[in-house]
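Visitor: Hi! Could you walk me through this one?
Guide: Happy to. Let's bring it up and start with the pocket.

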Amino acid sequence: MSRIRWFSGPTVLALALFGTACRSESDRAEGAVREPADQTGDRSAQPEGQRQTPGQEGRDHAERLGDKAEQLAREGQELGKEAREQAERVGEKAEQLAERGREVGNEVNSQMNRVGEQTGALKDDKGQAGRDQAAQPAAPRDQAGRDQATQPAAPKDQAAPRGPQGRDAQQNQAGPAGGAREKAQQQGNAVASTRDAWTQAAKDDDYQVSFGRDGAVVATKEAKDPDKRPSDEELRNAVGGKLAGSDHEAVKKLSVTVRNGVVTLQGSVVSVKEATEAVKEAMKAEGVTKVISHIRPES
């Protein structure tokens with residue numbers, strides 16, 4: 001009881017005051033330290049729902065880069081597809097132009113071949129005429145000079161005859177040389193007329209003709225079905241049937257031979273018209289694409 005009474009005195013009061021003062025000082029110090037921390041925390045702290053875990057920002061950046069890469073890949077695929085389509089269209093156009101170029105080249109070659117054959121035939125005709133002229137005997141120069149000297153001179157006031165009689169007299173004076181030239185010209189005109197007839201007949205019936213140096217006429221046309229080619233025997237029978245239906249006896253009697261799909265006609269007919277008709281009928285036969293004519297017109 002004595003001890004309780006001792007602490008209950010002024011000493012207890014002093015101890016209580018001292019403890020209160022210590023707590024006040026401690027609270028003030030803690031408040032001074034907490035205030036800067038609270039201000040910093042208010043500026044940097046994020047709401048509870050928005051706080052990111054460590055590495056979240058890196059993952060978000062990687063996802064954005066992945067989305068961008070997928071978008072670029074899709075765009076690249078679309079551009080590649082468009083480029084392939086354009087390349088295919090350009091390739092098709094190039095093939096069409098190449099095919100057209102081949103057709104034009106073939107046509108030009110055919111025309112050049114025909115011109116060359118015609119030119120060669122005309123040269124052969126002129127050469128033959130020159131050889132015929134050279135083969136004719138020439139009059140001796142001395143004899144011609146003596147004949148000219150013995151002939152009386154024509155009076156000066158007598159003019160040379162004009163008109164047809166004058167031309168006939170000049171042709172007669174020209175002698176063998178003038179006759180050979182006239183013969184060669186007539187032969188050239190006949191050859192040109194004959195070839196015109198063949199060319200016109202081919203044009204009317206949609207096939208092409210060319211002329212060989214041996215006088216043969218070659219008629220050709222494109223096959224309707226290149227994969228289907230009749231045998232030589234079938235072609236010979238088909239052409240013979242067409243010729244048998246002609247109105248001309250000479251055409252019916254023509255010889256028909258076929259070798260490797262090429263038809264050859266031989267024989268004689270009355271005129272060029274009958275020869276062109278025979279070739280035309282042969283070209284109408286099923287499967288015929290080439291006919292070589294050795295038909296000899298009598299006129």
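Visitor: So how much space lies in the largest pocket?
Guide: This is a predicted model, and in it the largest pocket holds about 1200 Å³ of space.

Visitor: Nice. How many residues line that pocket, and which lie nearest its centre?
Guide: The lining has 43 residues, and those nearest the centre are Q208, T220, K221, E222 and T289.

Visitor: Which element gives the largest share of the lining?
Guide: That's α3, with 10 residues. At least two residues each come from α3 (56–135), α6 (176–204), β1 (208–211), β2 (217–220) and α9 (272–284).

Visitor: And what's the lining like by class?
Guide: There are 17 charged residues in the lining of the largest pocket, along with 13 polar and 13 nonpolar ones.

Visitor: Switching to helix packing: at what angle do α7 and α9 cross?
Guide: Roughly 135°, with the axes of α7 (residues 232–244) and α9 coming within 8 Å. Angles over 145 degrees would count as roughly antiparallel, so α7 and α9 are oblique to each other.

Visitor: Is that crossing left-handed or right-handed?
Guide: α7 passes α9 in a right-handed crossing.

Visitor: Which residues meet there?
Guide: From α7 you have V239, K242 and L243, and they meet A278, E281, A282 and K284 of α9. The residues of this contact split into 4 nonpolar and 3 charged, with no polar ones.

Key
Residues are numbered from 1 along each chain as its sequence is written. This is a predicted model: local features need pLDDT of at least 70, side-chain atom pairs count only at pLDDT 80 or more; totals for chains, interfaces and linings use all residues. Side-chain values use heavy atoms; hydrogens and water are left out. On a 1 Å grid over the protein atoms alone, a cavity is a set of points where a 1.4 Å probe fits but cannot get out, and a pocket is an open set with protein on both sides within 12 Å along at least five of seven lines; lining residues have an atom within 4 Å of a point. Grid points are joined across faces, edges and corners, and a volume is the space filled by probe spheres set on the points. Helices (H or I, at least four residues) and strands (E, at least two) are DSSP runs, numbered from the N terminus. Ala, Val, Leu, Ile, Met, Phe, Trp, Tyr, Cys and Pro count as nonpolar, Asp, Glu, Lys and Arg as charged, and the others, Gly among them, as polar. Axes are lines fitted to C-alpha atoms, for helices over the stretch in contact, and angles run from 0 to 180 degrees between N-to-C directions. Angles under 35 degrees count as roughly parallel, over 145 as roughly antiparallel, 65 to 115 as roughly perpendicular and the rest as oblique. A crossing is left-handed if the near helix is turned anticlockwise from the far one by less than a right angle, and right-handed if clockwise. Contact means heavy atoms within 4.5 Å.
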